Amino acid sequence: MTHGELDIAYPQYHCPLCGEELPLVDARLTITCSEHVSDERSVAYGIRPAKDSDLSAVEDICDRALGETDVDVFGASFDVLSTDNLLATDDGDLLGLCSLAVHGGDLAIVLLSVYPDSQGLGVGRALVEAAVSVAEQRSLPFIKVVVTNDDIPSLYFYLRLGFVVDDIAIGAAADSLGGASRGFSGIPIRDEIRLKRPACVAGA
Ligand SMILES: CC(C)(COP(=O)(O)OP(=O)(O)OC[C@H]1O[C@@H](n2cnc3c(N)ncnc32)[C@H](O)[C@@H]1OP(=O)(O)O)[C@@H](O)C(=O)NCCC(=O)NCCS
(Lines give C-alpha, C1' and ligand atoms only; values in the text may rest on other atoms or scores of the structure.)
Protein backbone atom coordinates (compact mmCIF):
# COMPACT_ATOMS: atom_id res chain seq x y z
CA MET A 1 0.00 0.00 0.00
CA THR A 2 1.40 3.41 -0.86
CA HIS A 3 1.21 6.34 1.52
CA GLY A 4 -0.76 8.21 -1.15
CA GLU A 5 -3.53 5.57 -1.08
CA LEU A 6 -3.43 5.53 2.70
CA ASP A 7 -3.95 9.24 3.24
CA ILE A 8 -7.20 9.13 1.27
CA ALA A 9 -8.52 6.01 2.99
CA TYR A 10 -7.88 6.75 6.68
CA PRO A 11 -9.23 9.50 8.94
CA GLN A 12 -6.32 10.97 10.87
CA TYR A 13 -7.67 14.25 12.26
CA HIS A 14 -11.10 15.50 13.21
CA CYS A 15 -12.76 18.82 12.51
CA PRO A 16 -13.38 20.62 15.84
CA LEU A 17 -16.35 22.47 14.29
CA CYS A 18 -18.40 19.61 12.82
CA GLY A 19 -16.66 16.56 14.29
CA GLU A 20 -15.99 15.02 10.87
CA GLU A 21 -12.99 12.70 10.72
CA LEU A 22 -10.51 13.80 8.07
CA PRO A 23 -7.91 12.08 5.92
CA LEU A 24 -4.55 13.84 6.28
CA VAL A 25 -4.75 15.56 2.90
CA ASP A 26 -8.16 17.12 3.70
CA ALA A 27 -7.11 18.64 7.06
CA ARG A 28 -6.57 22.42 7.33
CA LEU A 29 -5.13 24.69 10.03
CA THR A 30 -7.04 27.40 11.89
CA ILE A 31 -5.35 30.10 13.98
CA THR A 32 -7.22 31.29 17.07
CA CYS A 33 -6.60 33.43 20.12
CA SER A 34 -5.45 31.47 23.17
CA GLU A 35 -8.90 31.72 24.82
CA HIS A 36 -10.59 29.85 21.98
CA VAL A 37 -8.27 26.85 21.63
CA SER A 38 -9.77 24.89 24.49
CA ASP A 39 -12.10 22.01 23.65
CA GLU A 40 -15.15 21.82 25.91
CA ARG A 41 -15.10 18.04 25.78
CA SER A 42 -13.03 16.16 28.31
CA VAL A 43 -11.91 12.59 28.61
CA ALA A 44 -10.72 10.50 31.54
CA TYR A 45 -7.71 8.42 30.66
CA GLY A 46 -4.70 6.74 32.15
CA ILE A 47 -1.22 6.21 30.70
CA ARG A 48 0.39 2.78 31.06
CA PRO A 49 2.96 0.53 29.35
CA ALA A 50 1.51 -1.80 26.72
CA LYS A 51 1.18 -5.51 27.50
CA ASP A 52 1.27 -8.50 25.15
CA SER A 53 -2.52 -8.52 25.21
CA ASP A 54 -2.50 -4.98 23.72
CA LEU A 55 -0.68 -6.00 20.52
CA SER A 56 -3.82 -6.14 18.41
CA ALA A 57 -4.94 -2.66 19.56
CA VAL A 58 -1.42 -1.35 18.86
CA GLU A 59 -1.55 -2.85 15.38
CA ASP A 60 -4.95 -1.23 14.77
CA ILE A 61 -3.81 2.30 15.63
CA CYS A 62 -0.64 1.89 13.51
CA ASP A 63 -2.84 0.72 10.67
CA ARG A 64 -5.04 3.82 11.03
CA ALA A 65 -2.08 6.19 11.31
CA LEU A 66 0.34 4.64 8.79
CA GLY A 67 -1.11 1.50 7.22
CA GLU A 68 1.70 -0.58 8.73
CA THR A 69 3.68 -1.08 11.92
CA ASP A 70 7.11 -0.36 10.44
CA VAL A 71 8.38 3.19 10.92
CA ASP A 72 11.52 4.51 9.18
CA VAL A 73 13.03 7.48 11.03
CA PHE A 74 16.54 8.67 11.96
CA GLY A 75 17.94 6.43 9.21
CA ALA A 76 16.70 3.32 11.04
CA SER A 77 13.70 1.04 10.78
CA PHE A 78 11.51 0.24 13.80
CA ASP A 79 8.63 -2.21 14.12
CA VAL A 80 6.14 -0.72 16.60
CA LEU A 81 5.11 -4.25 17.61
CA SER A 82 8.63 -4.66 19.07
CA THR A 83 9.21 -1.22 20.62
CA ASP A 84 8.36 -0.09 24.16
CA ASN A 85 4.87 1.30 23.89
CA LEU A 86 2.95 3.62 26.18
CA LEU A 87 -0.82 3.62 25.83
CA ALA A 88 -3.47 6.17 26.77
CA THR A 89 -6.59 4.22 27.63
CA ASP A 90 -10.08 5.02 28.82
CA ASP A 91 -11.80 2.09 30.50
CA GLY A 92 -9.95 -0.41 28.29
CA ASP A 93 -10.36 1.59 25.06
CA LEU A 94 -7.17 2.72 23.34
CA LEU A 95 -7.10 6.50 22.79
CA GLY A 96 -3.47 6.97 21.83
CA LEU A 97 -0.07 5.34 21.44
CA CYS A 98 3.50 6.50 22.00
CA SER A 99 6.10 4.08 20.62
CA LEU A 100 9.59 4.40 22.11
CA ALA A 101 13.03 2.99 21.31
CA VAL A 102 16.57 3.76 22.42
CA HIS A 103 18.52 5.06 19.42
CA GLY A 104 21.96 6.67 19.41
CA GLY A 105 21.95 6.89 23.20
CA ASP A 106 18.71 8.92 23.26
CA LEU A 107 15.07 7.95 23.67
CA ALA A 108 13.34 8.20 20.29
CA ILE A 109 9.60 8.67 19.90
CA VAL A 110 9.10 6.32 16.96
CA LEU A 111 5.38 7.02 16.60
CA LEU A 112 2.87 9.17 18.46
CA SER A 113 -0.72 8.83 17.42
CA VAL A 114 -4.00 9.83 19.05
CA TYR A 115 -7.31 8.69 17.57
CA PRO A 116 -9.22 11.61 15.97
CA ASP A 117 -12.09 11.47 18.53
CA SER A 118 -9.62 11.96 21.39
CA GLN A 119 -7.41 14.66 19.85
CA GLY A 120 -7.17 18.13 21.35
CA LEU A 121 -7.92 16.88 24.88
CA GLY A 122 -4.39 16.66 26.25
CA VAL A 123 -3.82 12.96 25.48
CA GLY A 124 -0.82 13.58 23.17
CA ARG A 125 0.79 15.91 25.68
CA ALA A 126 0.31 13.37 28.50
CA LEU A 127 1.89 10.62 26.38
CA VAL A 128 4.95 12.79 25.63
CA GLU A 129 5.27 13.72 29.32
CA ALA A 130 5.17 10.01 30.19
CA ALA A 131 7.86 9.35 27.54
CA VAL A 132 10.03 12.06 29.12
CA SER A 133 9.66 10.28 32.46
CA VAL A 134 10.83 7.04 30.81
CA ALA A 135 13.95 8.84 29.50
CA GLU A 136 14.64 10.21 32.98
CA GLN A 137 14.16 6.79 34.61
CA ARG A 138 16.61 5.23 32.13
CA SER A 139 19.09 8.11 32.54
CA LEU A 140 18.87 8.89 28.82
CA PRO A 141 19.87 12.54 28.35
CA PHE A 142 17.65 13.47 25.41
CA ILE A 143 14.31 12.59 23.91
CA LYS A 144 14.00 13.01 20.15
CA VAL A 145 11.39 12.71 17.45
CA VAL A 146 10.97 13.17 13.71
CA VAL A 147 8.19 15.20 12.10
CA THR A 148 7.93 15.40 8.35
CA ASN A 149 8.07 18.77 6.58
CA ASP A 150 4.30 18.79 5.88
CA ASP A 151 3.26 18.01 9.45
CA ILE A 152 2.78 21.52 10.83
CA PRO A 153 0.37 20.41 13.64
CA SER A 154 2.95 17.99 15.02
CA LEU A 155 5.78 20.54 14.65
CA TYR A 156 3.72 23.07 16.64
CA PHE A 157 2.81 20.37 19.18
CA TYR A 158 6.45 19.40 19.88
CA LEU A 159 7.83 22.97 19.87
CA ARG A 160 5.21 23.84 22.52
CA LEU A 161 6.53 20.92 24.58
CA GLY A 162 10.10 22.24 24.62
CA PHE A 163 11.58 20.41 21.63
CA VAL A 164 13.93 22.31 19.29
CA VAL A 165 15.03 21.59 15.73
CA ASP A 166 18.23 19.54 15.91
CA ASP A 167 18.68 18.57 12.26
CA ILE A 168 16.85 18.49 8.95
CA ALA A 169 17.43 15.46 6.73
CA ILE A 170 16.55 16.77 3.28
CA GLY A 171 14.70 14.18 1.19
CA ALA A 172 14.89 11.47 3.89
CA ALA A 173 11.11 11.09 4.26
CA ALA A 174 10.54 10.84 0.51
CA ASP A 175 13.31 8.22 0.35
CA SER A 176 11.67 6.18 3.14
CA LEU A 177 8.29 6.35 1.42
CA GLY A 178 9.78 5.42 -1.95
CA GLY A 179 8.79 8.69 -3.65
CA ALA A 180 6.68 11.79 -3.20
CA SER A 181 3.45 11.37 -1.21
CA ARG A 182 0.93 13.97 -0.11
CA GLY A 183 0.84 14.63 3.61
CA PHE A 184 -0.92 17.13 5.85
CA SER A 185 -3.20 19.37 3.80
CA GLY A 186 -1.82 17.83 0.59
CA ILE A 187 1.73 19.16 1.12
CA PRO A 188 4.33 16.87 -0.50
CA ILE A 189 6.22 14.81 2.10
CA ARG A 190 9.95 15.25 1.58
CA ASP A 191 12.15 15.95 4.60
CA GLU A 192 12.66 14.73 8.16
CA ILE A 193 12.71 17.54 10.70
CA ARG A 194 14.54 16.02 13.66
CA LEU A 195 13.61 17.51 17.02
CA LYS A 196 15.21 17.01 20.39
CA ARG A 197 14.88 18.16 23.99
CA PRO A 198 16.67 17.31 27.21
CA ALA A 199 14.77 14.74 29.24
CA CYS A 200 14.60 17.35 31.99
CA VAL A 201 13.66 20.92 31.01
CA ALA A 202 13.35 23.55 33.73
CA GLY A 203 9.83 24.96 33.72
CA ALA A 204 8.51 22.68 30.96
C1 LIG B 1 -0.21 15.56 17.06
C2 LIG B 1 -1.04 14.73 18.04
C3 LIG B 1 -0.21 13.62 18.60
C4 LIG B 1 -1.44 15.67 19.16
O5 LIG B 1 -2.15 14.92 20.15
P6 LIG B 1 -3.40 15.55 20.88
O7 LIG B 1 -3.84 14.64 21.95
O8 LIG B 1 -4.41 15.97 19.88
O9 LIG B 1 -2.73 16.86 21.48
P10 LIG B 1 -3.07 17.59 22.86
O11 LIG B 1 -4.55 17.62 23.05
O12 LIG B 1 -2.23 17.02 23.94
O13 LIG B 1 -2.63 19.05 22.50
C14 LIG B 1 -1.36 19.57 22.80
C15 LIG B 1 -1.12 20.79 21.96
O16 LIG B 1 -1.14 20.48 20.56
C17 LIG B 1 -2.13 21.26 19.90
N18 LIG B 1 -2.78 20.49 18.88
C19 LIG B 1 -3.29 19.27 18.99
N20 LIG B 1 -3.86 18.92 17.84
C21 LIG B 1 -3.67 19.94 16.99
C22 LIG B 1 -4.03 20.18 15.67
N23 LIG B 1 -4.72 19.29 14.97
N24 LIG B 1 -3.66 21.35 15.10
C25 LIG B 1 -2.97 22.27 15.80
N26 LIG B 1 -2.62 22.08 17.09
C27 LIG B 1 -2.98 20.94 17.66
C28 LIG B 1 -3.10 21.65 20.99
O29 LIG B 1 -3.81 22.84 20.64
C30 LIG B 1 -2.19 21.86 22.15
O31 LIG B 1 -1.51 23.08 22.01
P32 LIG B 1 -1.65 24.22 23.09
O33 LIG B 1 -0.90 23.70 24.29
O34 LIG B 1 -1.02 25.39 22.45
O35 LIG B 1 -3.12 24.39 23.34
C36 LIG B 1 -2.34 14.18 17.40
O37 LIG B 1 -3.09 15.22 16.86
C38 LIG B 1 -2.04 13.13 16.34
O39 LIG B 1 -2.05 11.94 16.60
N40 LIG B 1 -1.75 13.59 15.13
C41 LIG B 1 -1.33 12.69 14.05
C42 LIG B 1 -2.49 12.21 13.27
C43 LIG B 1 -2.58 10.75 13.40
O44 LIG B 1 -1.65 10.00 13.56
N45 LIG B 1 -3.79 10.30 13.27
C46 LIG B 1 -4.08 8.92 13.29
C47 LIG B 1 -4.79 8.55 14.51
S48 LIG B 1 -5.46 6.96 14.23
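Student: Which residues are closest to the ligand, and how many surround it?
Tutor: Keeping in mind that this is a predicted model, 23 residues surround the ligand, and the closest are Gln12, Arg64, Gln119, Gly124 and Arg125. Two or more residues of this shell come from each of β1 (11-14), α2, β8, α3 and α4 (152-160), with the largest share, 5 residues, supplied by α4.

Student: What is the make-up of the shell around the ligand in nonpolar, polar and charged residues?
Tutor: The shell divides into 13 nonpolar, 7 polar and 3 charged residues, where Gly is counted among the polar ones.

Student: How do you know that the length of α3 agrees with what its 15 residues should span?
Tutor: At 1.5 Å a residue, the 15 residues of α3 should span 21 Å, and because its end C-alpha atoms are 21 Å apart, the two values agree. Just after α3, Ser139 takes a positive phi of about 55°.

Student: Which residues of α3 are buried, and what covers them?
Tutor: The buried residues are Val123, Gly124, Leu127, Val128, Ala131, Val132 and Ala135, the term requiring 20 or more other C-beta atoms within 10 Å. Their cover includes β3 (46-49), β6, β7, β8, β9 and α4. As for the spacing, an α-helix has 3.6 residues a turn, so residues three or four places apart point the same way.

Student: Which members of the largest nonpolar core touch the most other members?
Tutor: Of its 42 residues, these are Cys98, Leu100, Ile109, Val110 and Ala131. Elements that each supply at least two residues of this core include α2 (55-65), β7 (93-103), β8 (106-114) and α3 (123-137), and the largest share, 7 residues, comes from β8. For Val110, leaving aside neighbours within four places in sequence, the contacts are Val71, Val73, Phe78, Val80, Thr83, Ser99, Leu100 and Ala101.

Student: Why are β4 and β5 said to pair, and in which sense?
Tutor: Pairing requires at least two bridges, and β4 and β5 (residues 76-79) have 4 in the antiparallel sense, so they pair. One of the bridges joins Val73 to Ala76 in β5. The two strands form a hairpin with 2 residues between them, and Phe74 in the turn has a positive phi of about 55°.

Conventions
Residues numbered from 1 in each chain as written. Predicted model: local features only at pLDDT ≥ 70, side-chain atom pairs only at ≥ 80, totals over all residues. Core = buried A, V, L, I, M, F, W, Y, C linked by C-beta atoms within 7 Å. Buried ≥ 20, exposed ≤ 12 C-beta atoms within 10 Å, placed from the backbone. Contact = placed C-beta atoms within 7 Å. Near = placed C-beta within 6 Å. Expected span 1.5 Å × (residues − 1).
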